[in-house]
Protein chains: 2
Amino acid sequence: MSGVMELLPLEQVAFEGMIDVIRREFERFGYLPIATPAMELTEVLLRKTGGETERQVYLVQSTGSAEQGDDPDLALRFDLTVPLARYVAEHEHQLSFPFRRHQIQPVYRGERPQRGRYREFYQCDIDVIDRNELSLRFDAEIPAVINSVFAALDFGEFVIRLNSRRLLAGLMEKLEIEPHVAALRELDRLDRQGPENVIASLSKIGVTNDAAQRFLELAATGLRTGSDAFTLLDEIGGDNDLLKQGVDEMRAVLTLVREWGVSEHRFGLDLSIARGLDYYTGTVYETTLVAHPELGSICSGGRYDDLAGQYTKSRLPGVGISIGLSRLFWQLQNADLLPAAKSTVEVLVGLLDDAGLPEALRIAAELRDAGVNTESVLVPDRIGNQLKFAAKNGIDLYVVAGENERQRGEVLVRNLRTQTQASADRKDVVAAVQAQ
Amino acid sequence: MSGVMELLPLEQVAFEGMIDVIRREFERFGYLPIATPAMELTEVLLRKTGGETERQVYLVQSTGSAEQGDDPDLALRFDLTVPLARYVAEHEHQLSFPFRRHQIQPVYRGERPQRGRYREFYQCDIDVIDRNELSLRFDAEIPAVINSVFAALDFGEFVIRLNSRRLLAGLMEKLEIEPHVAALRELDRLDRQGPENVIASLSKIGVTNDAAQRFLELAATGLRTGSDAFTLLDEIGGDNDLLKQGVDEMRAVLTLVREWGVSEHRFGLDLSIARGLDYYTGTVYETTLVAHPELGSICSGGRYDDLAGQYTKSRLPGVGISIGLSRLFWQLQNADLLPAAKSTVEVLVGLLDDAGLPEALRIAAELRDAGVNTESVLVPDRIGNQLKFAAKNGIDLYVVAGENERQRGEVLVRNLRTQTQASADRKDVVAAVQAQ
C-alpha cells in the first residue's frame, strides 16, 4: 500500500527507540500520557476545520452500517489537537489544572502520497492547558522540554527558534499591514517561496511594496541568540500597545528559558517564524538541526488562547508542541543520520546437536533471568549459519555449548562486534555475557 | 463516543505500564517488534474472512474520494494475524526465519458496543513463523513466554492450558464424529453453553448422542498438570494414526515446556480447549487466572499450518498467542485487581513565592538530571493546595524551598505516602529524594 510507512523489524526497533526516548523526556518534565481513540465522531472532528483539511479526512463506517445505507458518523483523527480539545472538555472535572499531557499516536490524512508524506504518521505532542489563564512561565518550559528531547535523541546540535505572534501583529500594525492572519500565512512561506514571491503575494492582499519590504527586512534578521536577541528586542521598541506587549513577553520568555537551564546557543529569537495555523496567539516555536537546515522544522508549536471553545464554555488557554515522528524518521534515514540497526535481541544461544537442547534452554533461561534479551536456536544447524543469522539480525553476542564445551563444563561466547571469542566456565555464563 | 475505551491519565499510566511489561517480556525471548498500518487494502483484509466478521469490518475512505463516489478501498485491521500474513508475504525476502515477531497495536471491529467489548481494542501478539516447516519445539517456547509475561504482570497465579487440535481430531475420528471443524466449534462453546446444549447442537450436525456424550466426558476431565497429564495421554492411547500423532506431539510439547523452566503447576493438558478459529491445526493454548476463572481465557492462541497462503506461494507454518489487553484491563479494573493509581511523576517541586522561582527551577533541573520525573509548580500558591494537587494526582513526593528554607540553605521534602517530612541541605536535595 503506498503512502504509509511500514518498517522492517530492525528499523522498527530504531523507531520505537526514538519513541521511548521522547516519552521518557516528556515524562521527566511531568507530562502525563493520554491516548484517544483513532476514531472520533465526524461532527466533533469536522467542527473546527474547513477547506482542504476537510477533504483530507478519512471517514469510517462498518460494513454493516454501509449496507444499510447510513452516512458515516465516524472519522479518523487528523491531528492530536482536536482530540485533546474534545478530551479535556469531556473529562474537565476529573482532570487537575494546569494539565500537562503528552500523546504519542498515529494520525491520518487522506493526502495524495508523496515522498516522506504519509497517510498514517506518528505525532508526539505535549501541551499544558490551564483554566482561564495560563502563566507565561509555561511558554519557557516548552523549550526546556524540546532541549531535553533533542539532546537525548542525539542527532547533532539543534536550535529552538522562538517568536511571538503578538509581536508580529504589533509590527504589522506599525507598518499598516492588513489583514494580519493572511500576512502571517505568507510570512510562514518565506522559507520555501523566497522574498520576491512573498512580496508579490502580500501585494495581492493589499500590502504596499514598501511595507512588505520593511516587514521582510525585519524577518530577515534571522536567528538572534544570547544578548543579541535582547538587543534586537530593544531596537524594535514599542511603537504601539500590541508591539510593546509582544516585545515585553518575548523578553520575559527568553529570560526564563535561560533560567530553565537551556544553553544560550540552543535557543533564540527569530522574527521570521510565523507558524501557518490560525489559532496561535502568542509565543511560537520551531526547531532545526544546525547541520541540516534543509530538513526544516523538526518540532513546532505555540501558545493559543482557547483550546476547546467548540466543546465547552470554559476558557482553556494552552501552549504546546508537536514532533512529526514518521516524517522525521524518514528524513533522518535519508540523511544517513540514524545509527546502525541494532536488535533488541542481545544474545543468540546456539544449538549444534539435539542432545544439547536442555543445556541450551537452561543457559538461555539464566540469561533471561539476569535481564538479558535472549533468542534460542531450537533446531541444530552449522555454527556458520547461526553466526550469519546473528550478524544479519544485528545480534552482537552468540553463546553456545557444543558437545566439547559441555564435556569440559564450558560455554563459548563470541562477540560479533569485536570479532573475538572466548571460553568461559559454564556457571559463569551470565557474567561472561555481561562483561562483553 | 460509546464502545471505545478512553482512560484518565493515571489509568493510562497503568495501561501503558502493562504494555511496557508485556513488551519487555516478549523482547526478553527474542521477539522483534513490528507495526503495520491501521489501514489495509480492503481486498487484502477481506480475502480470508466471511460472514459475521465481514459485516464488522470498518471501511475507510477520504472525504475527497467519497465525494467522487468511489468505493472505499481501505479498511481498518480487525486483528493482527491478517496484517502479519500480508507483512511476512510482502517482506519475506528481507526477513530471517524462524521469524519471531511481537506486535502491540489496536484493532477495530464494528461491533454493537457492550460492557467490556470495544470497537477499538489493543492486542498484544507474538508469533514464530518459519518456512516450509516449524519444529514442534516452538510450541513449547510459547508457554514459556506466557509464563514470563503473567509472572511479571503479577495479577496472581495463572495456569496455561494446552491441548492439541490433532489429538481432538483423532478422538473424533475414533468416535465417528463428523465434521470435525463444526464439532470443535461446539466444543469451544462448552464453557458458556453447558454440556446439554452442546450435545443438542452436536446432534443437529449429525453426531449421535452416545458419541457426543463420550466426547464431552473426555473433555470434562478438565485440567491435568504434572504427571497426571502424561497418565491421561497414556489412557487415551493411539487407536488411529491421527490420535497417535496428536498424543505423541502433546507428550513432546508438555515434556519440553518443563525443560523451558515453567513450573509444573502453571501448565497442563485440558482436553476441553478447542479454540473456535478454523485455522489452528495443532497445539492450542488458553490461560486463566486461578482465582478468577470467571474472566475466561486472558491469553489464547495456537499452531497453524500456513499463515499466508492467500498472499504467497511459500508455505509458512507458525505458532502464536494473543493477549486482548483492553478487555483484560477492563476486567482487572472491574475485579479490583489493579494496583492503586500511581503517576509517572515522582516529585512535585512546589513554589510559595515569585522570588523562589529561579531556585525552584534549579532544584527541578537537578532532580531531572538525576533521572527523577519532576513536575514544577510555576505559579505560587498556598502549600495546602499544592499538596492536594500532588495527592490527587498520585505524586508521592513534594519538595519546596520557601523563603525560610532558602535563607537556611535547605529544602523541605515531604513524603505523601508515609505522611512524613524532613528538611535537607539544599545541596543534598537529589540524595534526600532518592532516599525516600
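Two residues are in contact here if their C-beta atoms, placed from the backbone, lie within 7 Å. This is a predicted model, in which local features need pLDDT of at least 70, side-chain atom pairs count only at pLDDT 80 or more, and totals for chains, interfaces and linings use all residues. Residues are numbered from 1 along each chain as its sequence is written, while chains are lettered from A and ligands numbered from 1 in the order in which they are written.

**View 1. Where chain A meets chain B.** On the chain A side, 63 residues are in contact with 63 residues of chain B. Helix α1 (residues 9-28) of chain A gives the largest share of that side, with 6 residues. Sorted by class, the chain A side that touches chain B has 28 nonpolar, 20 polar and 15 charged residues. For that sorting, Ala, Val, Leu, Ile, Met, Phe, Trp, Tyr, Cys and Pro count as nonpolar, Asp, Glu, Lys and Arg as charged, and the others, Gly among them, as polar.

**View 2. Two β3 strands, one from each chain.** Strand β3 (residues 58-62) of chain A and strand β3 (residues 58-62) of chain B run antiparallel and are joined by 5 bridges. Two strands pair if DSSP finds at least two bridges between them. Look for V60(A): its bridge partner in β3(B) is V60(B).

**View 3. Chain A as a whole.** Chain A has 17 helices and 17 strands, and its C-alpha atoms fill a box of roughly 90 × 65 × 45 Å along the principal axes. Of its 436 residues, 46% count as buried. Buried means 20 or more other C-beta atoms within 10 Å of a residue's own, exposed means 12 or fewer, and partly exposed is in between, with C-beta atoms placed from the backbone. Take the contacts in chain A between residues at least 6 apart in sequence: 69% of them join residues at least 24 apart.

**View 4. Helices α11 and α12 of chain A.** Helix α11 (residues 226-236) of chain A packs against helix α12 (residues 241-259) of chain A at an angle of about 170°, with the axes 10 Å apart. Axes are lines fitted to C-alpha atoms, for helices over the stretch in contact, and angles run from 0 to 180 degrees between N-to-C directions. That angle is why α11(A) and α12(A) are roughly antiparallel to each other (under 35 degrees is roughly parallel, over 145 roughly antiparallel, 65 to 115 roughly perpendicular, the rest oblique). From α11(A), the contact uses A229(A), F230(A), L233(A) and I236(A), and from α12(A), L243(A), V247(A), M250(A), R251(A) and L254(A). That makes 8 nonpolar, no polar and 1 charged residues.

**View 5. Helices α1 and α6 of chain A.** The axes of α1(A) and helix α6 (residues 137-153) of chain A come within 9 Å and cross at roughly 145°. This crossing of α1(A) and α6(A) is right-handed. Among the residues making the contact are M18(A), V21(A) and I22(A) of α1(A), along with V145(A) and S148(A) of α6(A). The contact of α1(A) with α6(A) has 8 nonpolar, 1 polar and 2 charged residues.

**View 6. A five-strand sheet in chain A.** This open sheet of 5 strands has the order β14-β13-β15-β16-β17 in chain A, with mixed pairing. At the edges stand β14 (374-376) and β17 (420-425) of chain A, each with a single partner strand, so one side of each has no neighbour in the sheet. On average, neighbouring strands of this sheet are turned by 25° against each other, direction ignored. Strand β15 (residues 397-400) of chain A runs antiparallel to strand β16 (residues 410-415) of chain A, with 4 bridges joining them. In β16(A), V400(A) has L412(A) as its bridge partner.

**View 7. Backbone details in two loops of chain A.** The peptide bond from F97(A) to P98(A) is cis, with omega near 0°. P98(A) sits in the loop between α5 (81-91) and β5 (99-108) of chain A. E176(A), a residue other than glycine, has a positive phi, near 55°. You'll find E176(A) in the loop between α7 (165-174) and α8 (180-188) of chain A. E176(A) counts as exposed because it has 10 C-beta neighbours inside 10 Å.

Definitions and conventions. Left-handed = near helix turned anticlockwise from the far one by under 90°.
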